Amino acid sequence: MGGGHGRTRAGCYIGNLRGGVFQDMAHCLSRWIAAAILWAAIPSTAGAGTLTATVEQWGLLGSWAVDCAARPDRDKGALLTYEVRKDGRVMYRRDFGEARDENEVVSATIGAEGLLNVMVYLPSLHQTREFGLQLEKDGSLRAIYNRSERGEYTIRDGKYVATGAPTPRQQRCD
């Protein structure tokens, strides 16, 4: 290269010490940083489409309850709704009758034997919960596990940890 400037594969100019190599390096670094930021943003957009496709393909979208004819009640059964918003976010609404909330689904993957593994951020609890859902042959849905981000289970192996009772089947309500 001698005493002149040369261009690297990345399109950055490398100069000699008198020609402002530090300016050239700063310019090159800023281009790399911009490219890295753009590259990091692409997977999150693609992930949103994948999340939507996963819950649609699996059949999760819609409203679910143990008894669709009953009014939502914390003790007798909530109405749980999964929907895709216009902005592409997948939301999880819980209606307990006297209380309601809305939470964002942050991931969903289909695991072994068709189990849907869902992660939901619950702002009211300041935590992310993970639960596994299974579609039964009759079209009903059952919770197989539900755990906090600390690994504390409320449902394990299809049973409530506190009582040992099996989780009920939920029917699609819409």
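How exposed is Arg74, by relative accessibility? Arg74 counts as partly exposed, at 47%. The points below place Arg74 and other residues in the structure.

1. **Confidence.** This is a predicted model. Its average pLDDT is 81, and 72% of the residues score at least 70. Over residues 7-17 the pLDDT is below 50, although this stretch has 23 contacts in the model beyond near neighbours in sequence. Residues 27-32 also stay under 50. For residues 27-32, the model has 6 contacts beyond four places in sequence. Where pLDDT is low, the predicted coordinates should not be read in detail.

2. **Layout.** The protein has 1 helix and 12 strands. The order along the sequence is β-β-α-β-β-β-β-β-β-β-β-β-β. Of its 174 residues, 34% count as buried. Take the contacts between residues at least 6 apart in sequence: 31% of them join residues at least 24 apart.

3. **Surface.** The accessible surface comes to about 11,300 Å². Carbon and sulfur atoms account for 56% of that surface. A nonpolar patch on the surface is formed by Val106, Met119 and Tyr121. Together these residues have about 240 Å² of accessible area. Val106 sits in strand E6, residues 100-110. Its relative accessibility is 44%, so Val106 counts as partly exposed.

4. **Disulfide.** A search of the whole structure finds 1 disulfide. Cys68 and Cys173 are its partners, with an S to S distance of 2.0 Å. The torsion about their S-S bond is about -80°, so the disulfide is left-handed. Cys68 lies in the loop between strand E3 (62-65) and strand E4 (79-84), while Cys173 lies in the segment after strand E12 (171-172). The pair therefore ties together parts that are 105 residues apart in sequence. Cys68 is partly exposed, at 36% relative accessible area. Cys173 is also partly exposed, at 28%.

5. **Arg74 and its partner.** The structure holds 11 salt bridges. In one of them, the side chains of Arg74 and Glu98 meet at 3.4 Å, N to O. This pair links distant parts of the chain, 24 residues apart. Arg74 is in the loop between E3 and E4; Glu98 is in the loop between strand E5 (90-95) and E6. Glu98 is exposed, with a relative accessible area of 59%, whereas Arg74 is partly exposed. Side chains of opposite charge can pair when their charged atoms come close.

6. Asp95 forms a salt bridge with Arg100. Their closest N and O atoms are 3.3 Å apart. Asp95 is buried, because its relative accessible area is 15% and the cut-off is under 20%. Arg100 counts as exposed, at 63%.

7. **Another link across the chain.** Arg169 and Asp138 form a salt bridge, with their closest N and O atoms 3.4 Å apart. Arg169 lies in the loop between strand E11 (159-160) and E12. Asp138 lies in the loop between strand E8 (127-135) and E9. Arg169 is partly exposed at 39%, and Asp138 is exposed at 53%. Elsewhere, salt bridges that share partners join Glu83, Arg85, Arg93 and Glu102 into one network.

8. **Ser148.** Ser148 lies in strand E9, residues 141-148. Ser148 is buried, with a relative accessible area of 7%. Which residues does Ser148 contact, leaving aside its neighbours within four places in sequence? They are Gln127, Thr128 and Arg129.

Definitions and conventions: Residues numbered from 1 in each chain as written. Predicted model: local features only at pLDDT ≥ 70, side-chain atom pairs only at ≥ 80, totals over all residues. Heavy atoms only, no water. pLDDT = per-residue confidence, 0-100. Contact = heavy atoms within 4.5 Å. Helix = DSSP H or I, 4+ residues; strand = E, 2+ residues; numbered from the N terminus. Buried < 20%, exposed > 50% of the residue type's maximum accessible area, 1.4 Å probe, protein only. Areas by Shrake-Rupley, 256 points an atom, 1.4 Å probe, with all protein chains shown as cover. Patch = residues over 30% accessible without salt bridge, like charges linked within 9 Å, V, L, I, M, F, W, Y side chains within 5 Å. Salt bridge = Lys/Arg side-chain N within 4 Å of Asp/Glu carboxyl O. Disulfide = S-S within 2.5 Å.
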